[in-house]
Amino acid sequence: MSLTDLTATELLAKLTQGEITSVELTGVFLDRIAAVDPTIHAFLRIDRPAALARAAEIDARRASGQPLGALAGLPVALKDVLCTAGEPTTCASRMLENFRPPYDATVVARLRAADAVLIGKTNMDEFAMGGSNENSAFGPVHNPWDTDRVPGGSSGGSAAAVAARMTPLAIGSDTGGSIRCPAGLCGVTGLKPTYGRVSRYGLVAFASSLDQIGPLARTAEDVALILGVLAGHDPADSTSVDRPVPDYARTVSKPLSGLRLGLAREHFGEGLEGQVERAVREAIKVYESLGATVREVSLPHSKYAVATYYLIAPCEASSNLARYDGAHYGHRTNQEAMLAELEIERKALDAAGDTEGLDRLDNALVRMYRRTRSEGFGPEVRRRVMLGTYALSAGYYDAYYLKALKVRRLIRQDFDRAFEEVDLLAGPVTPTPAFRLGEKVDDPLSMYLFDLFTIGANLAGIGGISIPCGFSAEGLPIGLQLQAPPFEEERLLRAAHMFQTATDWHTRKPPAI
Amino acid sequence: MAISREEVKKVSLLARLQLSDAELETMTAQLGDILGYVELLSELDTDKVEPMAHALDVSNVFRDDKVRASLDRGEALANAPKHDDECYRVPAVLGDG
Amino acid sequence: MTEPYTIIIGLEVHVQLSTASKLFCGCSTAFGSPANTQTCPVCIGMPGSLPVMNREAMALALKTAVALNCEIPRRTKWDRKQYYYPDLPKGYQISQFDLPLSEKGYLTISDSRGRFEPKPIRIIRAHLEEDAGKSMHDEVAGKGDSRIDLNRTGTPLLEVVSEPDLRSPVEARAYLDELKLLLNYLDVSDCNMQEGSLRVDANINLHIDTPEGPVATPIVEVKNMNSFRAVERALDFEAQRQYEVWQETGTIMGAPGGHKTTRGWDETAQVTVPQRTKEESSDYRYFPDPDLVPVTTTEEQVEAIRAGLGELPAALRERLQKTYNVTPYDADVLVNQGRELVDYFTELADRCGDGKMAANWVEQDVLRWLNDRQIGIGEFSVSADALAGLLEKIKGGDLTTSRGRDVLTAMLDSGQSVDAAMRKLGIQSVDQNELETLCGELLAANPKVVEDVKEGRLKAVGALIGQAKSRNPNVNPGQVRELCLKLIERM
């Protein structure tokens, strides 16, 4: 068995016992990336010498008996939406192709302090907008289980990297399912924590009230290990919550007794593919066999979640992305070409005697902004910026944005009520397994509807986890989603671990690569 | 609520995007689809519902009024597409933005 | 006023609050540093950065709002005001839209010269927001480039918006003076207009009486006024201009061409000039900032703030008039100098027991000294106690007022006590016998004066006073005059 097939927890034990060094381990994963990633394209950037130097430094400290952090020597891949000081942080966008933030995101600083080896930055949908990873300006990620298919998005690079054994641990971000969906489609374990559990400082914002950083790994045990490092209050993020962080790694292996599972009736209806439903229902039987009780509950406003989300997220995004205007950082259009273009337009209008047109003609600054942004953003980002700008504009605010905020409250109340009766909600992650690359690119709405089971957790601010629970006839992974009341990550992880002790879906390896 | 090509054009200025005629066409159709879909929300009576702008019920988060080191100017300007070692440079901002 | 119109003015004042660090990050707010040396990822809006609210800025804002008699809602929040401009790096300004931290207050203005009756000016709201940076057009090297300095970006501003309750440029000026004074008393801002820590925009139009009834001219927002004097002049100009335009065109508010416009004050030409604005630029797309959480304030907190305000200018003026018997004008002059000077005055008046005398000395002698040297009362080396000692001597007849001034100057120059300064100047009370001898000698030497006085020209005795002073500088001119007249009578 190769080292790359071991879980993070197993690898950490070997490192601690001195059976392997971090340099060896990091080298093995870097070699694996070199061999596999040309097919998968999970990474946007690898700095092999830097990773090995860091591993060597940790090995040296271990050898001299110095105290080490919780992840000492383990490789971790970062979604390229997390700021890394002095290193490119692109968000898979032309806009930030050459952007090097002068600071580390809080989670990056925490990982460094825990002595993780940051192995590379992973591919994603541009600015985390997308569910298929086809929106990367630098090319799509391929699903390791079938490279003609999408890995899910937007943290598709992180999920594919874990699934293809290129890293034991990866970090993603989840705004509407961006950790859970690719985890489900790639057959790995991915957690979206409660909003406020992990600091967003240094996470390039997509939709600030929905974004949350979380880990992807092969097992719940590994997720627990790294969540303990990521979670906690950060004075630099006003929305990070100051409450104690449980020792997830210690409690994850304790089974839950008397677990009450709820199945949301609305998540088993129309749109859910039969083989996905069958796998999820089988998984629920496993829980019953482990002593859980199961009951049906209702989330009556579920059918409004996608519409609510696709107003709130674009509104916030249109504002968060206003800063990319070519003035202070990031891409700027060619100024001479821009001025020349304006001059041509001016002359044409002049010649036509179109005074109104001349009056309406952009000034140089406005044209610089418009060209910069149109060149720097891909189609999906442009679409969401347009949608959000429109929905917030004069005369539409109440009908769209405000309405969505109110429905958001109703959706949250649905969850609150459900959790009065059950400990966890169980259901599918996505309506179907991974679809083919290109299948939905021309139909944004059908792409959006793919998020329908994951979006609710973001709107409500609660935690959710995706764990492998079976395979489709084509051999594609199927995910089970568990959702918990706010700040019950411990419960999610313990429940996920129970399942993984009783099943082996999470140990399966993509055969093709 | 359908959206017209003219409206899309207006929004593209508000959003500081430049769309070609073909892009304007596609954008109008796609935004129309999405806006048609979100119309679903109008069937809900939300008159008495408090809007939920934050996922958290937290208030009064402050920092103390302490000065912390700023970035070196070089570091601040390092990512600027155009600068003169002192200031960011942009096309003239005479008149309005 | 003889004009057939009423001027309607509302003011929007931006006050920079005197915090050490910016509103949402730890960068310094100090003025005058080299460009782009006081920025960080937060205030330049770098991707991934997040704002955290400055506690002190909120405290200063609430203090001001309470002093402006505003209602303080239990809950306030942050909104994003969105527009594109290179001095606004995030593409939005963090401000407050529909739930400002305060609303519905007032500030009473008055004029000690009586040009208008005292009246409350209603405040619509006072809210916090972050400042933008500075853009400069580079004429020389430019080829059309502008240069952007983001040092000021994120500095806390309190925007105070008045109702259109002001009826003349003089009232507008009085409002600004009173607001500035209040801010000084509260110690929340240095109010330095040159450094941009206080900025004023004005909305103005006219209500004109016509035979067909009253009409309103279109509202104009006037910007770019760099001093209170400029505000007064710009409004004078603008009122006249609007009247002339109305006479020419008859355009009224709401009619075609009657929409609100923006004009800038040209200090050199002393005129307002139109500023171009685009229709779409006013669609700010406000929405709650998801990166910041709401702020709540309890009734108890507001009461604690109110209790801690101290005595504010209006109350202070009243007290000075009542307790120290000074005129409204004197009370105004004293209070307008700031709390420290008032404290000096009240101590002086209490010690010497004469409010009017204390007011005269403070307004004439103390203030002249301070103004000549451009210093504050804190740097005035004669304590109120010491000055009170001097005033007592004058009241007791030991010193004339003019000799008293010499003593004060000597005290200030040398740092000596009253007695030491008097000794240094050789001032001591002149013995009655000595004085009689001196006067007798003078009368003997000036028979013409004696004659004139006997013939009823009492003024003639004045000639002797100068001579007496030159023989002995310590003599009291009044006593010399009185004694000489008495001696002549006996002759």
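View 1. Strand β14 (residues 261-266) of chain C and strand β15 (residues 271-275) of chain C run antiparallel and are joined by five bridges. Helices (H or I, at least four residues) and strands (E, at least two) are DSSP runs, numbered from the N terminus, and two strands pair if DSSP finds at least two bridges between them. T262(C) has Q275(C), in β15(C), as its bridge partner. Four residues lie between β14(C) and β15(C), which form a hairpin, and Q270(C) in the turn has a positive phi of about 60°. Strands of a sheet pair through backbone hydrogen bonds, either parallel or antiparallel. This is a predicted model, in which local features need pLDDT of at least 70 and side-chain atom pairs count only at pLDDT 80 or more, while totals for chains, interfaces and linings use all residues. Residues are numbered from 1 along each chain as its sequence is written, chains are lettered from A and ligands numbered from 1 in the order in which they are written, and side-chain values use heavy atoms, with hydrogens and water left out.

**View 2. An open sheet with strands from chains B and C.** Three strands form this open sheet, in the order β2(B)-β9(C)-β8(C), and the pairing is antiparallel. Its edge strands are β2 of chain B and β8 (134-137) of chain C, each of which pairs on one side only. From one strand to the next the twist averages 35°, where axes are lines fitted to C-alpha atoms, for helices over the stretch in contact, and angles run from 0 to 180 degrees between N-to-C directions. Within chain C, β8(C) and strand β9 (residues 145-149) pair in the antiparallel sense over four bridges, and M136(C) stands opposite R147(C) in β9(C).

**View 3. Chain B as a whole.** Chain B has three helices and two strands, which follow the pattern α-α-β-α-β when read along the sequence. Its radius of gyration is 22 Å, whereas a compact globule of 97 residues would have one near 13 Å; this radius is taken over C-alpha atoms, and the globule rule is 2.2 Å times the number of residues to the power 0.38. The C-alpha trace of chain B spans about 55 × 45 × 25 Å along its principal axes. The average pLDDT of chain B is 93, and 95% of the residues score at least 70, where pLDDT is the predictor's confidence in each residue, from 0 to 100.

**View 4. T122(A), a residue in a strand of chain A.** T122(A) lies in strand β3 (residues 117-122) of chain A. Is this residue buried or exposed? T122(A) counts as buried because its relative accessibility is 0%, given that buried means under 20% relative accessible area, exposed over 50%, and partly exposed in between (1.4 Å probe, protein chains only). Leaving aside its neighbours within four places in sequence, T122(A) is in contact (heavy atoms within 4.5 Å) with several residues, including F43(A), L78(A), D80(A) and S158(A).

**View 5. V160(C) and its surroundings.** V160(C) is found in strand β10 (residues 156-162) of chain C, and its relative accessibility is 1%, so V160(C) counts as buried. Although V160(C) and I124(C) are 36 residues apart along the chain, their C-alpha atoms are separated by 7.8 Å. In chain C as a whole, buried residues make up 54% of the 491 residues.

**View 6. R281(A) in a helix of chain A.** R281(A) is found in helix α9 (residues 274-289) of chain A. With a relative accessible area of 35%, R281(A) is partly exposed. Residues up to four places away in sequence are not counted when R281(A) is said to touch L263(A) and F268(A). The C-alpha atoms of R281(A) and L118(A) are separated by 38 Å, and these residues are 163 apart along the chain.
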